There are 2 protein chains.
Amino acid sequence: MTDERIVVLAHGKFPDRAKTALGVMRYGDQTVEAVLDRDRAGDRVADHVPDVADAPIVDSFPDALAAADGDIDALYIGIAPIGGGFEESWRPDVRAAIEAGCDVVAGLHYFLNDDAELTALAEEHGVSLRDVRRPPEDIGVATGDAGDVDADVVCTVGTDCSVGKMTASLEIVAAARDRGIDAAFVPTGQTGIMIAGWGTPIDRVISDFTAGAVEALVVEAAADHELLVVEGQGSITHPAYSAVTCGILHGSMPDALVLCHAAGREAIHGYESFPLPPLAEYVDLYEGLARPVHESSVVAGAVNTKDLDAPAADEAIESFTGETGVPAADPVRDGADRIVGGLLDGLGRDLEEVDA
Amino acid sequence: MTDERIVVLAHGKFPDRAKTALGVMRYGDQTVEAVLDRDRAGDRVADHVPDVADAPIVDSFPDALAAADGDIDALYIGIAPIGGGFEESWRPDVRAAIEAGCDVVAGLHYFLNDDAELTALAEEHGVSLRDVRRPPEDIGVATGDAGDVDADVVCTVGTDCSVGKMTASLEIVAAARDRGIDAAFVPTGQTGIMIAGWGTPIDRVISDFTAGAVEALVVEAAADHELLVVEGQGSITHPAYSAVTCGILHGSMPDALVLCHAAGREAIHGYESFPLPPLAEYVDLYEGLARPVHESSVVAGAVNTKDLDAPAADEAIESFTGETGVPAADPVRDGADRIVGGLLDGLGRDLEEVDA
């Protein structure tokens, strides 16, 4: 699914407010043939984002189709308005994509499959509408099987939402592969699912099945890979989302944890009256909570330093290591090799084993 | 809603395998006019259960209607087969109840409101089908407001599922009322909801809304009462259900916790390869997890000793107190006054305050 030739819709928001679009462009195996942003039509991706494959930015799906000589497999909705609704201004592009025989992929709260016009049109043209935020129907309660898989399992855990757990997970997978390890990303949120082409949006499953949904992903991925990096969600200290965090921690039964933190963050984002505890308390909390179900240790840290200059970033990472006692890096700024080093130490794997 | 005159359906399972029926009979304000159990028709409730109001056990809904001189408000489904389905052998009774103008109340996974025949019949007769396991549509994410309510909030937390958290919560409310405290039970599971006539089945909400659903209940109940006892679910060490537990802990923002335990339980029920940690570790886990969101302490224990004789029960309770440092009782065997004593000490309330 992820070797598709795609067009990414990002009207009015490319690149800074198009997190999903950028995630797919940076980490997906898809080939992006064009970006739709009518506010920047005529520019190139490279004019705005230096480190992803270049592509034209165009006004509409028909323009994208022309630019790609008609050879497009899917249209990805690469932005989400607050509330996750479907903007009617996107409809002509979605309609044109379906009529051109393309699948449409979206991670909105509004499901394309609940839209009568689009479903009828999709049926007529024999294409799929893929709502990645709709969990599959066959999810059930966890059985405890994730603890028995024949793969090492790592989970990214956070001090808050929006600290870079998905990015850290993807960078860890890339750095592990650079070392010859057969690593796989296990997506638990809609952007990760769009990037990887599989996964379950854990925040949308029925709460009784939270751990079960993650367990199913781990069991599936462990059949084919030796190291799994499970994308964490939220934070165990989050007043609203900790249930999801806890279900992922217990459902994935990780052998090791990577603690993700945004340098300088002092309170829960959007819940400013809830201060973040010290980093060492997070280590104790995550390890203590994991232990009765499946013992696990924080073995490395991923520090998001995007708002800092280089010396301040280095200082933030050093301070993280001082507080937690584990190696850390900003996976975007530095790559995740140092994090993978910590992981392999923590898992008791050495490179000989890996090469074997 | 809970001053209804009701009939409880418990075919083939009364009393030992009719947990919901017994819960409603023991703790609900409803008047039970008859129990339906075709295997025991002709017996009386008092022949089997000494400590609840007596009522005839009859073969069918028409027999119940006759026994109650036609004066019945609702039929409660008081049993649940494994899987939570609707048994077709119940349909004649449900049909007869609707035709007699009665509401039907069920906590099944199968929703009566999804049954075409029953919904049509209910509409025809102007009655409601109340599926208490279907969460309301308007639940959203937690805002953190539960921490600001003008009531003391207590949450029952467990070492496992099925240790008696609902019963402990109801007994604590009863014992607090005996002391003149305006206490209210906050139901989070289907049996509790059927007993109390309100509440939300937290295990059925979307995982992102777990804390939000509990918060809404706490805010609602706090408007009318001075002490809330929130029914906990699962256990923070449960491999499948810990997400629900965590969401209730953080969503309810309790001022104090009552740790519930089944004496002699050594492993998670149904997950026997997961041993229970020592009780003192549970205290640390629950308090540690609560602290970053809303500081709380374990102030009392509820020990389920139903499988023990009196001396062994006393020993189990003493041992619980020895391990945790808090007063404890079996609320069924001893009543919950000692637990309420621990609560009031923990909350820093004295009886003068209460009387004021």
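Predicted model: local features only at pLDDT ≥ 70, side-chain atom pairs only at ≥ 80, totals over all residues.
View 1. Two copies of a chain are related by a rotation about an axis and a shift along it. Here a rotation of 180 degrees, with 0.0 Å of shift along its axis, superposes chain A on chain B with an RMSD of 0.0 Å. That is the relation of a two-fold axis. The same surface serves both copies, for 100% of the contact residues of chain A recur in chain B.

View 2. The size of an interface is often given as the accessible area lost when the parts come together. Chain A and chain B bury about 3,100 Å² between them, and 57% of this area is on carbon and sulfur atoms. Three residues, A:Ser207, A:Asp208 and A:Pro292, supply 18% of the area that chain A buries against chain B, which is more than any other three residues supply. The contact itself draws 37 residues from chain A and 37 residues from chain B.

**View 3. Polar pairs and the elements of chain A at the contact.** On the side of chain A that touches chain B, the elements that give two or more residues are helix H7 (210-222), helix H8 (242-252), strand E12 (271-275) and helix H9 (279-290) of chain A. Of these, H8(A) gives the most, with 6 residues. The residues on this side of chain A divide into 22 nonpolar, 10 polar and 5 charged.

View 4. Side chains of opposite charge can pair when their charged atoms come close. A:Arg291 forms a salt bridge with B:Glu281, and the closest N and O atoms are 2.5 Å apart. A:Arg291 lies in the loop between H9 and strand E13 (297-304) of chain A, whereas B:Glu281 lies in helix H9 (residues 279-290) of chain B, so the pair joins two chains.

**View 5. The open sheet in each chain.** In chain A, 6 strands with parallel pairing form an open sheet in the order E8-E9-E7-E10-E13-E14. Its edge strands are strand E8 (183-186) and strand E14 (328-329) of chain A, each of which pairs on one side only. Within this chain, strand E7 (residues 152-158) and strand E9 (residues 227-230) run parallel and are joined by 4 bridges, and A:Val154 has A:Val229 in E9(A) as its bridge partner. In chain B, strand E13 (residues 297-304) and E14(B) pair in the parallel sense over 2 bridges, with B:Gly301 standing opposite B:Ala328 in E14(B).

**View 6. Backbone details in the loops.** Most residues other than glycine have a negative phi, and most peptide bonds are trans. A cis peptide bond, with omega about 0 degrees, joins A:Phe14 and A:Pro15, and A:Pro15 is found in the loop between strand E1 (5-9) and helix H1 (19-27) of chain A. The peptide bond from B:Phe14 to B:Pro15 is also cis, with omega near -5 degrees. A:Ser162, although not a glycine, has a positive phi of about 50 degrees, and A:Ser162 lies in the loop between E7 and helix H5 (165-178) of chain A.

Key:
Residues numbered from 1 in each chain as written. Chains lettered and ligands numbered in written order. Heavy atoms only, no water. Least-squares fit on C-alpha atoms with pLDDT ≥ 70 in both. Contact = heavy atoms within 4.5 Å. Buried area = accessible area lost by both parts, 1.4 Å probe. Nonpolar A, V, L, I, M, F, W, Y, C, P; charged D, E, K, R; others polar. Pairing = 2+ DSSP bridges. Salt bridge = Lys/Arg side-chain N within 4 Å of Asp/Glu carboxyl O.
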